[in-house]
Amino acid sequence: MADTDGTDGTDGTSGTEGPDARPEMSARMGFSRNRLRRDGELRTGESLAAALADAAATIYLGGAGKWLVKTDGPELSAAFGIEEARLLGADLEAAILLGFDPAGGPALSAVVALPEEDAAGLAAMDLRGIGMEERLDPDTEGRLAQAAHLLQWHGKNRFCGVCGAATRSAAAGYRRECTACDNVVFPRTDPVTIMLVHDGEGRCVLGRQPRFAANFWSCLAGFVEPGETLEDAVRRETMEEAGLAVGEVTLLASQPWPFPGNLMIGCLAKAETRQIVFDATELEACRWFPREEVRAMLEGRHPDGLAIPKRFAIAHHLIRAFVEAPAGTDR
């Protein structure tokens, strides 16, 4: 599959502000900053109740793929107090303890019935839109991504895969236990390789899916299969989607992608062949682009209006790494 998400001709360092800035490329992407101390190994049966009773606790409220956001202050905020959450009808018995703020109390998440229309001072916002438009601070983005991943996982694992009985949340939301047998399941993350394929001579491969917006191009991507290394997943997916053989693979960055629960693993991949034969069931177009044309796309000045993902998506940063490679380097 080709990766997707919005278009923008600018760059930035979203997720790297402040004293805890990280030097790696991953820290520049949406959903990647999250300073919570998770303490997953220290949770007990009492952890959730203790967190809900903490006066310093904050909670993030989601439902139907959206998040409740306060709009009546000088800045948007997605953090609510526990009493506010109760008044809004949040299901606190099934709340998830996300972790502990280094400068404050526990952070939680819970499901709430969102208003059909925006209420006074409140709005329901889509997480993908929040990231694309940078509506909230990077740390909040990361917490919402963590919460979205976990809430969706809980919703899909209400019954035991061994005996079929109901399961219950345990360890303050970090696992589920069967109510009839000893089966325990933990949240899963699905790895996806996303690759900027290049020829080592100043050209790269970009593709289009039929569902993409007009003029929008992005990197190739695909799920890692069982018993497969990341490098071999890059090689297999590139061959399946573009008909190109890949040799050297370099891992550059990763990005949490809670749609529904993926980890995007960004790579540069050097093609050993040049003839593209793309899979028309997945892609409607796939071709080589010279570096200068991609630079024009990146900077929002392509003469035909061709565009690439916004900077919150890992594909943007893989493309930028190719465009900004020093002269003479093998990218």
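I began at the hairpin of β1 and β2, where two residues lie between the strands and Ala64 takes a positive phi near 55 degrees. Strands here are DSSP runs of E with at least two residues, helices are runs of H or I with at least four, and both are numbered from the N terminus.

A note on the source: I am reading a predicted model, in which local features need pLDDT of at least 70, side-chain atom pairs count only at pLDDT 80 or more, and totals for chains, interfaces and linings use all residues. Residues are numbered from 1 along each chain as its sequence is written, and side-chain values use heavy atoms, with hydrogens and water left out.

**Entry: β1 and β2.** I looked up the pairing, which requires at least two bridges found by DSSP between two strands. Strand β1 (residues 58-63) and strand β2 (residues 66-70) run antiparallel and are joined by two bridges. Gly63 stands opposite Lys66 in β2, and Gly62 stands opposite Trp67.

**Entry: β2 and β5.** I then followed β2 to strand β5 (residues 122-126); these two pair in the antiparallel sense over five bridges. The bridge partner of Val69 in β5 is Ala123.

**Entry: the five-strand sheet.** I traced an open sheet with the order β3-β4-β1-β2-β5 and mixed pairing. β3 (96-100) and β5 each have a single partner strand and stand at the edges, so one side of each is left without a neighbour in the sheet. From one strand to the next the twist averages 30 degrees; axes are lines fitted to C-alpha atoms, for helices over the stretch in contact, and angles run from 0 to 180 degrees between N-to-C directions.

**Entry: the helix.** I found helix α4 (residues 138-155) lying across β1, β2, β3 and β4 (106-111), at about 150 degrees to β3. Contact means heavy atoms within 4.5 Å.

Entry: I moved on to strand β6 (residues 167-170), which pairs with β7 in the antiparallel sense over four bridges. Ser169 stands opposite Arg176 in β7. The hairpin of β6 and β7 has four residues between the strands, and Ala171 there takes a positive phi near 55 degrees. β7 also pairs in the antiparallel sense with strand β8 (residues 184-185), over two bridges. That hairpin, of β7 and β8, has five residues between the strands, and Val184 in β8 is the bridge partner of Glu177.
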